[in-house]
Amino acid sequence: MRFLKKENKYMLRSERNKEIMRGLFNNVVEDGDDYQLVIGFSFSLKQSNKLKLIKSTYHYSDFIVGYTEGCIILLETIPSLECCGDPLYYRLASLYKTFYSFKDGSTYTIYLDENTYIQFDVAKQNVSEKLIPYVLQEDEANEFKLFFTTSFKK
């Protein structure tokens, strides 16, 4: 019985966060309800070697990823979903190419030209609420993968 209560607690938090995501997205994107949503994230690693000390710095970014036929919108947010940035529109017709890597999990790359790209991952379930908004999205992640590898392929 205790297990079911804990499972319900996580389901409720996930559903609440999905509602918040939808509200943030709809506030900044015209016709936001026309887009399906998933949480995406990216990270970068910087290392510096100074005086025999190695310093590693990780930078994480979270995105509300909205997608519909021919278009993906990335909306940067924070793990608490308290705010968001301006939407970044990626229209298939204006892209150089797209790439999906299954080796690293679910890494999606959108190339604007030969040298400029954005890369992000879509996890089915997050591993750290401090880094990524808590959302259970196994079905949504699978649907996004299908969309990206078929309809958004270039």
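Predicted model: local features only at pLDDT ≥ 70, side-chain atom pairs only at ≥ 80, totals over all residues.
## Basis of the model

Local features require pLDDT of at least 70 and side-chain atom pairs count only at pLDDT 80 or more, whereas totals for chains, interfaces and linings use all residues. Residues are numbered from 1 along each chain as its sequence is written, and side-chain values use heavy atoms, with hydrogens and water left out.

## Fold

The protein contains 2 helices and 7 strands, taken as DSSP runs (helices: H or I, at least four residues; strands: E, at least two). From the N terminus, the order is α-β-β-β-β-β-β-β-α.

Of its 154 residues, 37% are buried, that is, under 20% relative accessible area with a 1.4 Å probe and protein chains only; exposed means over 50%, and partly exposed lies in between. Among contacts (heavy atoms within 4.5 Å) with a separation of 6 or more, 49% join residues 24 or more positions apart.

## Cysteines

The whole structure holds 0 disulfides, a disulfide being a pair of cysteine sulfur atoms within 2.5 Å. The sulfur of Cys84 lies 7.0 Å from the closest cysteine sulfur, that of Cys83, which is too far for a bond. Cys84 is partly exposed, at 26% relative accessible area, while Cys71 is buried, at 6%.

## Lining of the cavity

The largest cavity is lined by Ile39, Phe41, Ala123, Asn126, Ile132, Pro133, Val135 and Gln137. A cavity is a set of points on a 1 Å grid over the protein atoms alone where a 1.4 Å probe fits but cannot get out, and lining residues have an atom within 4 Å of a point.

Definitions and conventions. 1 Å grid on protein atoms, 1.4 Å probe; cavity = no way out; pocket = protein on both sides within 12 Å on 5 of 7 lines; lining within 4 Å.
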